[in-house]
Amino acid sequence: MEGTIVAVCTSEKKGTRKRNVRKAELKVDWGIVGDAHAGKWHRQVSLLAIGSIEKMRAKGLNVGPGSFAENLTAQGINLISLPIGSRV
């Protein structure tokens with residue numbers, strides 16, 4: 001499966017929109033260094049398809065990469081087909 005990462009997003013605090021930082025350091029068993037959701041737990045890095053953002057824009061929402069607290073916004077990857085715990 002091939003795809004493209006169109007945004008790399010982080011936030012300093014949980015519960016806030018993430019912003020596109022364009023690049024980041026990913027640490028094994030931790031997540032993205034400096035991101036509020038990184039740490040020793042089950043969900044270290046989250047992915048969202050750009051198509052999901054585009055669907056919400058079509059409904060009139062003012063959203064973009066990071067609006068749904070995802071770390072990586074992807075294009076061309078069938079994220080729904082990936083089992084929980086997949087390594088990409």
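About 30 Å³ of space lies in the largest cavity of this predicted model. A cavity here is a set of points on a 1 Å grid over the protein atoms alone where a 1.4 Å probe fits but cannot get out. Volume means the space filled by probe spheres set on the points, with grid points joined across faces, edges and corners. Counting cavities of 30 Å³ or more gives one. Its lining residues (those with an atom within 4 Å of a point) are Lys-18, His-37, Arg-43, Gln-44, Val-45, Ser-46, Ala-69 and Asn-71. By class, that makes two nonpolar, four polar and two charged residues. For the classes, Ala, Val, Leu, Ile, Met, Phe, Trp, Tyr, Cys and Pro go down as nonpolar, Asp, Glu, Lys and Arg as charged, and the others, Gly among them, as polar.

Some housekeeping on the numbers. Residues are numbered from 1 along each chain as its sequence is written, and side-chain values use heavy atoms, with hydrogens and water left out. As this is a predicted model, local features need pLDDT of at least 70 and side-chain atom pairs count only at pLDDT 80 or more, while totals for chains, interfaces and linings use all residues.

Now for the open space.

Strands (E, at least two residues) and helices (H or I, at least four) are DSSP runs numbered from the N terminus, and two strands pair if DSSP finds at least two bridges between them.

| Strand pair | Sense | Bridges | A facing pair |
|---|---|---|---|
| β1 (residues 4-10) and β6 (residues 72-75) | antiparallel | four | Thr-4 and Gln-75 |
| β5 (residues 47-49) and β6 | parallel | three | Leu-48 and Thr-73 |
| β1 and β2 | antiparallel | two | Thr-10 and Arg-19 |

β5, helix α1 (residues 50-58) and β6 make a right-handed β-α-β unit; right-handed means that, with the strands pointing away from the viewer, the path from the first strand over the helix to the second runs clockwise.

Last, the rings. A charge sits over a ring if NZ of Lys or CZ of Arg is within 6 Å of the ring centre and within 35 degrees of the ring normal. The charged end of Lys-14 sits over the ring of Trp-41, 5.2 Å from its centre, and Lys-27 does likewise over Trp-30 at 5.5 Å.

Technical notes:
1 Å grid on protein atoms, 1.4 Å probe; cavity = no way out; pocket = protein on both sides within 12 Å on 5 of 7 lines; lining within 4 Å.
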